[in-house]
Amino acid sequence: MKFTKMHGIGNDYVYVNCFQEKIDEPSRVAELVSSRHFGIGSDGLILIGPSDKADFRMEMYNADGSRGAMCGNGIRCVAKYVYDHGLTNMTAITVETDAGIKALELTVQDGRVAMVAVDMGIPELTSNGLSVLLDAAGRSGLTKEQIWESITVGGREYEMIAISVGNPHAIVFVEETDTIPIEQIGPLFECHSRFPDRTNTEFIQVVSPEYLKMRVWERGSGETMACGTGATASVAAAVLAGLAEPEAQVKLLGGTLNFSWNQDNGHMMMTGPAAEVFHGEIDI
């Protein structure tokens, strides 16, 4: 199997061009290639293929082989791959995902994609059993009691805001991200009975209304260097909580993402880099 290793601010995946390759057991392959000791080493596997609904289709699998609906860092790398490898010459493309069709704008420098802006769609509030799209109408009238949800994890009570961006996120605000024992509490959040399909958990430090720091425990992958959907959900949660502005930066372990949340139609734009590391061939 030919592959390309890419990353978006450290959130790394193995990419396979399924216009040329056929993957029969993607979950098994994801586990194989993701192993950092016995495989290539990655947070998961992303397949790039044709779509009858958009310009391309992206299928994403976590390191444990589970299927993911969407990956913000991963989809930026999809855009870089299809342009840099000659599958398109367009700088505005659409990509079909399990979380819907996403529109992307590519910034090209010296013939290669350097930055990608992604319309992440409208975040959805899922705290306390709600399902509210966070456009202007959806946000109108929301109360503090609806936004915040209490959860007991590891014998301690936390206040969180639950947001879906095609996949589930639990956002917890902390004083300092550097000292969070994420290896201990991350798995407890991920597998809590509150989340029957497991959850991604973001621990957020508000440095200023325009600047957030974040660490993330991703379901199926553990702590990763970055999570684009998690950062999107975190900006939405911080704005709802009155802690951040709709135009904000999020600093993750691997780098920084920029966000712009349209308060009228509810769409969140995420902009960040994408990088190709190497390509090769592996016997699967």
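**Pockets and cores in a predicted model**

Biologist: By class, how many polar residues does the lining of the second largest pocket have?

Modeller: In this predicted model, numbered from 1 along each chain as its sequence is written, side-chain values use heavy atoms, without hydrogens and water. Local features need pLDDT of at least 70 and side-chain atom pairs 80 or more, while totals for chains, interfaces and linings use all residues. A pocket is an open set of 1 Å grid points, over the protein atoms alone, where a 1.4 Å probe fits, with protein on both sides within 12 Å along at least five of seven lines, and lining residues have an atom within 4 Å of a point. The lining here, which includes Lys 2, Glu 21 and His 279, has four nonpolar residues and two charged ones, and the polar residues number six.

Biologist: Which residues of the largest nonpolar core have the most contacts inside it?

Modeller: A nonpolar core joins buried (under 20% relative accessible area, 1.4 Å probe, protein chains only) Ala, Val, Leu, Ile, Met, Phe, Trp, Tyr and Cys residues through side-chain atoms within 4.5 Å. The largest one has 58 residues, and those with the most contacts inside it are Met 58, Leu 104 and Ile 163.

Biologist: How many residues are in the other core, which lies apart from it?

Modeller: Met 58, in the largest core, is in contact (heavy atoms within 4.5 Å) with residues including Ile 46, Met 70 and Val 95, leaving aside neighbours within four places in sequence. Apart from that core lies another, with Ile 151, Met 160, Phe 189 and Phe 195 among its members, and its residues number 15.

How values were computed:
Ala, Val, Leu, Ile, Met, Phe, Trp, Tyr, Cys and Pro count as nonpolar, Asp, Glu, Lys and Arg as charged, and the others, Gly among them, as polar. Buried means under 20% relative accessible area, exposed over 50%, partly exposed in between (1.4 Å probe, protein chains only).
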